[in-house]
Amino acid sequence: MASQILPLELIDRCIGSRIWVIMKNDREFTGTLLGFDDFVNMVLEDVTEYETTPQGIKQAKLNQTLLNGNNICMLIPGSSGPDS
Amino acid sequence: MDPSSTGIQEPFDLIRLSLSERVFVKLRGDRELSGVLHAYDGHMNLILSDVEETVMIVDAVDGTLEGQGTVAKRKMEMLFVRGDGVILVSPPSRM
Amino acid sequence: MDEQTPPPPDHGSTPPPPPSVSGSPTDFLKGVVGKRVIVRLTSGVDYRGVLSCLDGYMNIALEQTEEHVNGMVTNRYGDAFIRGNNVLYISAAESL
């Protein structure tokens, strides 16, 4: 029988670890996951935002941030993101 | 949550306190409105009167960075705004 | 405040994080009301101001708001209501 771990359980196990968030558009975030809710709104700490533009990748550092779950596409647990 | 000094406890209070006042509304599609707010609902559907609309028309020439957009203005007496187009509503400054 | 959801289910395997550390979105928002924040919209426009309050749709009321487009201040508002569907993130402008 297939394992019974639910997708959000996996994310729950990532709390306290680095996570890489890829949005539906050309934006990505990495940060330490502090928490999330059923909409996958996420609270991240020590955040880097990456925006892919025709001019290249723009990076910005952010403090503690609540990321709206609406535009999230994929989550990569334990990854430091595009730099790694 | 304790109310801040302005007595606003939820975002819609800001709108409620602006009824009958002139408000600035930013809409999707580079549109801005200034008008007197008569009604609103939970979708942020709005009724405005004595409205001036400003539309930023970005020149189709690609590669232009910022600026050089033309603006078109027009006036409407009474207007219904569908809430899903609303980005921001700013009431007149209260001092 | 009218918050939407309970915290994610805890299946008894791991203890919940210590309550002093702000974890869930609700905790974050409680901690950030009254503080300076950066609200980025999906369009890339930023609003910097003091967070008055917000609701479960992420509708936001900001005070002393500055609108930033491409790093330049393009507008200032005493108060601003931002409709939640446009919000990409809310970030603390000062460390919590």
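## Chain C in outline

The secondary structure of chain C comes to one helix and five strands, and from the N terminus on these elements follow the order α-β-β-β-β-β. The model is a predicted one, and the description below should be read with that in mind. Of the 96 residues of chain C, 49% count as buried. Among the contacts in this chain between residues at least 6 apart in sequence, 40% join residues at least 24 apart.

Chain C takes part in both of the interfaces described here, touching chain B in one and chain A in the other.

## The interface of chain B and chain C

The contact between these two chains draws on 26 residues from chain B and 23 residues from chain C. The size of an interface is often given as the accessible area lost when the parts come together. For chain B and chain C the buried area is about 2,000 Å², with carbon and sulfur atoms giving 59% of it.

One salt bridge is counted between chain B and chain C, and it is formed by the side chains of K26(B) and E67(C), at 3.5 Å from N to O.

## Strand pairing between chain B and chain C

## The interface of chain C and chain A

Here the contact takes 27 residues from chain C and 22 residues from chain A. The area buried between chain C and chain A is about 2,300 Å², and carbon and sulfur atoms give 56% of that area.

The count of salt bridges between chain C and chain A is one: E49(A) forms it with R40(C), and the closest N and O atoms of the pair are 2.8 Å apart. Nine residue pairs, both residues at pLDDT 80 or more, are in polar contact across this interface. The elements of chain C that give two or more residues to the side touching chain A are α1 (25-32) and β5 (87-92), with the largest share, six residues, coming from β5(C). Sorted by class, the side of chain C that touches chain A has 14 nonpolar, 11 polar and two charged residues.

## Strand pairing between chain C and chain A

Besides giving the largest share of residues to the side of chain C that touches chain A, β5(C) is joined by three bridges to strand β5 (residues 65-67) of chain A, and the two strands run antiparallel. In this pairing, L66(A) has I90(C) of β5(C) as its bridge partner.

Key
Residues numbered from 1 in each chain as written. Chains lettered and ligands numbered in written order. Predicted model: local features only at pLDDT ≥ 70, side-chain atom pairs only at ≥ 80, totals over all residues. Heavy atoms only, no water. Contact = heavy atoms within 4.5 Å. Buried area = accessible area lost by both parts, 1.4 Å probe. Salt bridge = Lys/Arg side-chain N within 4 Å of Asp/Glu carboxyl O. Polar contact = N/O pair within 3.5 Å; in protein donor to acceptor, adjacent residues only side chain to side chain. Helix = DSSP H or I, 4+ residues; strand = E, 2+ residues; numbered from the N terminus. Nonpolar A, V, L, I, M, F, W, Y, C, P; charged D, E, K, R; others polar. Pairing = 2+ DSSP bridges. Buried < 20%, exposed > 50% of the residue type's maximum accessible area, 1.4 Å probe, protein only.
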